[in-house]
Amino acid sequence: MKKYITYTTFLTILCCALFAQVDIIPERFAFEPELPYDSGIQSPHEFLGYELGESFTRYANSISYFQYLAEKSDRVVINEYGETYEGRKLYNLIISSPENLANIEKLKADNLKLGDPRKIDQQTAQNIIENKPVFVSYSYNIHGNEASSTEAAMQVSFRYAAATDAKTAETLSNTVLIFYVCINPDGRDRYVYWYEGVKRSVPGISPKDLDHYAPWPNGRTNHYWFDLNRDWIWGIHPESRGHTGEYVKWMPQIHTDYHEQGYNSNYFTVPGTTPRNLLLPDDYESLADTIGRANIAAFDRHKVNYFTREAFDFFYPGYGSSYPSVMNAIGMLTEQGGIGAGRSITTNDGQVLTLRQRIFDHYTTSIATITKAAQRKEVFNRYYYESSNPKNSKSNTSAYILPNNDQIYLTEVINMLLRHKVEVYRTTVPQEVSSVYSYRTNSNDNVRLPQGSYIIPTDQPKHLFVNSVLSKQMSIEDSVMYDMSTWSAPIAYNLDAYTTNKSINLKTKLVEELVYEKGQLITPDARYAYVIDWDQRSAPAALSMLWHKGYRVRSAEEPFSLNGQNFNAGSLIILLGRNLSHEEYWVTDMQEIVENTDVTIHGLHTGRMDTGYDLASRSSTPLRQPRVALLVEPPFNTYTCGQLYYLFDQETKLPVDRIRTSKLLQTAIPKLGSRYGYADIHDYDVIILAGGGNNLSKVFGESQQKEIKGWISSGGTLIATESASSFFTHGNSQIGTVKTIKNHIDSSEVAKYLPYKERTDYYGKKRIPGSAMSTHVDTTNPLAFGLKKHLYSLSFGGKNLIPSNQLQSVAYYDKNPNQLLISGYAPAEKLSQLSGTTVAGVERLGRGKIVHLVDNTQYRMFWRGPSRMMQNAVMLLPSY
């Protein structure tokens, strides 16, 4: 006879399961309890006063423990290598046998020697390969809310600092371990302090509980809301410059980047999926798999679930898992399920996932990788040696050429290369090179290089890095990828660039230190005006300083010249007759601006120009400092908000208020204003919206749209970037009359009968995964002052605008679909749809304007070519 339970009984059982007190330190996740340890060295449990997994550890407390280990153990050295924006010191640990640490400088020197096969003979190389310990490094906690890995780092460090068994001693004699114990402490502490503030005394497991929902912007990002795991190459942030600066001192043979993913996912370990960097040595996959199989063998013993060969690719070289690979190591990724899991949570298959298990899993792979590396140290040493040999390169390129022809972001690319210890040479005299391939014209050209142009040869140990970062187009075996499909540095920074497959013989000198272009004050005792050319890299920062000091500044609408000195459109004019109140400080103020921004300022004795308008012409527009608001919180894009926050706060030094969406347009409570923390749009001249797409309708209902339209008509400047642009177009809101291109609907027979298993790949190949497009620019428009007539815009397949007479088309894609794609991947039908469409435009509305920037103009702050448009939109357009 069948028995049934009532619905009430079922709910009772379910509630008991969800609300029962959970064991957050399961016995099965003990850390190798069979190992003997030095009783004079405390474990993390003994030092912290709680078991790992009972609580999250504040960064300062974890560092105290690492410092304690370095003090108590002769196997551990702690090193400070940097500092975050919020003042937290950054550390790595060096762990090895006492004998190795006593001889560490020679081991480092031998390791670097092995990494330059040009300079050692084969016998010397073989001796180093056989005798040198393998260098293994780990980067923990680069995403702050993926917090289990720093907890694991404490236990892993304790194990190698204090275990007294013979196997541990043997492992340490064959390895040098470099642990970056927490790459992103600002993000980690943001998450941990929040979590500890909402933590229950009785842990729960319900996914609905508050402690699984960290508030915006959560802890993933750094202080400026950047994903640091996309910044290994570019070094925009001090955290990245710090750990890569350390990395190139050690040049490990193996590196693993430790992460977490959604809590419903099982553990991921290498190998990954396609696309792959096809420049990597053929042995990379098999050696990475050797480590992956060591990890899963350990998981098999502990009955821990895992997966490999899907979801994660290592194509983009700016990850912590792929950067090491282009630096001649075996770079790898691990991903533990756990984001948002708190101390315990019920997963979608009914399993209770604890913080303790997440720590245990990362601990387990950390140990398994080190053990396998020690066992096969000669194999990994040899891979490093062979992959560092430029004779083994798969690329035919012999050199990259970057002319020194007033390219404002050139030094940023050069300094990026130098920080990664790439060999860069600079021409000492003007010279000509013949038949070199031009990125811009897509043809072989004869080029006269100015003195000071840069040559980056590929006949050097960093050939993998050079070719991966500087080549115009990487081979793409699979267009369905985890990240972007192009990152070519010359294209991202909108540089003129050339390559050659031939040997070139030029008069050059090795660049041995970072390059800085210093500004100067020319003719400081000016009698009429000072002028700052707007084409300079830091001209917007100079304008911000002028405003801060109270100067009246004008912007030239057209180019002009005097005595052979040319000034471009947008150049800043400081008329002395309009700034007499500063007369006593003119020279000192201008000198201070030069020293702080590295711009060159010209003093002029007359306002009469040889060509172009005179300085006090009606065609030089007075610039007033705008009051600027950047809307943050959902639905706006956190990363884009962070880029804009950084661009204006860190680089331009222009005040921008970050306004929560929940505090804007609270018309239901009129005129309560700042007393209740609400923001009134009429307090601002410029409002920036970063993405949000269709969800903007939830922020801007009909009444809010009416209010915004009135604000624009009264003189406001609305900047809509990325998906925010399409909301302010015809048919999507009450604001704006321009139209967007329509979404392409695939009605082919193939699409109609597509098998389920093929849908992801099929539609993945229909999208644009971050590709460079040939873009033409109207440089006479103030939105484009400071830009070249041609740039490379980064497209993710946004809804571009249809050119019309209501729209100032400031930047538009090449009209020929066959010439549109410059680098990366895009399907042919998308190129046909996008060709000739507008990506940056201005629509007038009454006395104000809507600025459309469909493509991100400052993506991750390394795609800098278009970024001046955002600065112009904020700083110049409100006055034009």
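Tutor: The account below begins with the sheets and then passes to helices and single residues. The model is a predicted one.

The sheet of 7 strands is open, and its strands follow the order β14-β13-β16-β11-β15-β12-β17. The pairing in this sheet is antiparallel. At the edges stand β14 (444-449) and β17 (508-510). Each of these two has a single partner strand, so one side of each is left without a neighbour in the sheet. On average, and with direction ignored, neighbouring strands of this sheet are turned by 40 degrees against each other. Within the order given, β15 and β12 are listed side by side. Strand β12 (residues 425-427) and strand β15 (residues 454-457) run antiparallel and are joined by 2 bridges. Y425 has I455 of β15 as its bridge partner.

A second open sheet is built from 6 strands, in the order β18-β24-β19-β23-β20-β25, and its pairing is mixed. Here the edge positions belong to β18 (521-522) and β25 (620-623). Since each has a single partner strand, one side of β18 and one side of β25 are left without a neighbour in the sheet. Strands of a sheet pair through backbone hydrogen bonds, which may be arranged in a parallel or an antiparallel sense. In the case of β20 (residues 553-556) and β25, the sense is antiparallel and the pairing extends over 4 bridges. S555 is placed opposite T621 of β25. A helix also belongs to this picture: α18 (residues 539-548) lies across β19 (529-532), β20, β23 (572-575) and β25. The direction of α18 makes an angle of about 30 degrees with β23.

A further strand pair is formed by β30 (residues 771-777) and β31, which are antiparallel and share 6 bridges. M773 has S793 in β31 as its bridge partner. Of the 6 residues of β31 (residues 790-795), 6 are buried, so this strand is largely enclosed by the rest of the structure. The cover extends to both faces of β31. H790, Y792 and L794 are buried on one side, and L791, S793 and S795 are buried on the other.

Helix α7 (residues 148-162) has 15 residues, and 15 of the 15 are buried, so α7 is largely enclosed by the rest of the structure. From its first C-alpha to its last, α7 reaches 21 Å, close to the 21 Å expected at 1.5 Å a residue. Helix α28 (residues 868-875) is mostly covered, with 8 of its 8 residues buried. Among the buried residues of α28 are R868, Q871 and N872, as well as M869, M870 and M875.

The packing of two helices can be described in residue detail. The axes of α5 (residues 104-114) and α10 (residues 238-250) come within 8 Å and cross at roughly 85 degrees. An angle from 65 to 115 degrees counts as roughly perpendicular, and α5 is therefore roughly perpendicular to α10. On the α5 side the contact is made by I104, K108, N111 and L112, and on the α10 side by V248, K249 and W250. By type, the residues of this contact are 4 nonpolar, 1 polar and 2 charged.

T221 lies in the loop between α9 (185-198) and α10. With a relative accessible area of 1%, T221 is buried. Its contacts, neighbours within four places in sequence left aside, are N184, G187, R190, F226, D227 and Y639. H463 belongs to helix α16 (residues 463-470) and is also buried, at a relative accessible area of 3%. Under the exclusion of neighbours within four places in sequence, H463 is in contact with S387, S388, N389, P390, S393 and T458. R58, by contrast, counts as partly exposed at 32% relative accessibility. R58 is placed in the loop between α2 (44-48) and α3 (59-72). Residues up to four places away in sequence not counted, R58 touches D189, V192, Y193 and E196. Between R58 and N381 there are 323 residues of separation in sequence, and their C-alpha atoms are 37 Å apart in space.

Note on methods:
Residues are numbered from 1 along each chain as its sequence is written. This is a predicted model: local features need pLDDT of at least 70, side-chain atom pairs count only at pLDDT 80 or more; totals for chains, interfaces and linings use all residues. Side-chain values use heavy atoms; hydrogens and water are left out. Axes are lines fitted to C-alpha atoms, for helices over the stretch in contact, and angles run from 0 to 180 degrees between N-to-C directions. Angles under 35 degrees count as roughly parallel, over 145 as roughly antiparallel, 65 to 115 as roughly perpendicular and the rest as oblique. Contact means heavy atoms within 4.5 Å. Ala, Val, Leu, Ile, Met, Phe, Trp, Tyr, Cys and Pro count as nonpolar, Asp, Glu, Lys and Arg as charged, and the others, Gly among them, as polar. The expected span of a helix is 1.5 Å times one less than its number of residues. Buried means under 20% relative accessible area, exposed over 50%, partly exposed in between (1.4 Å probe, protein chains only). Two strands pair if DSSP finds at least two bridges between them.
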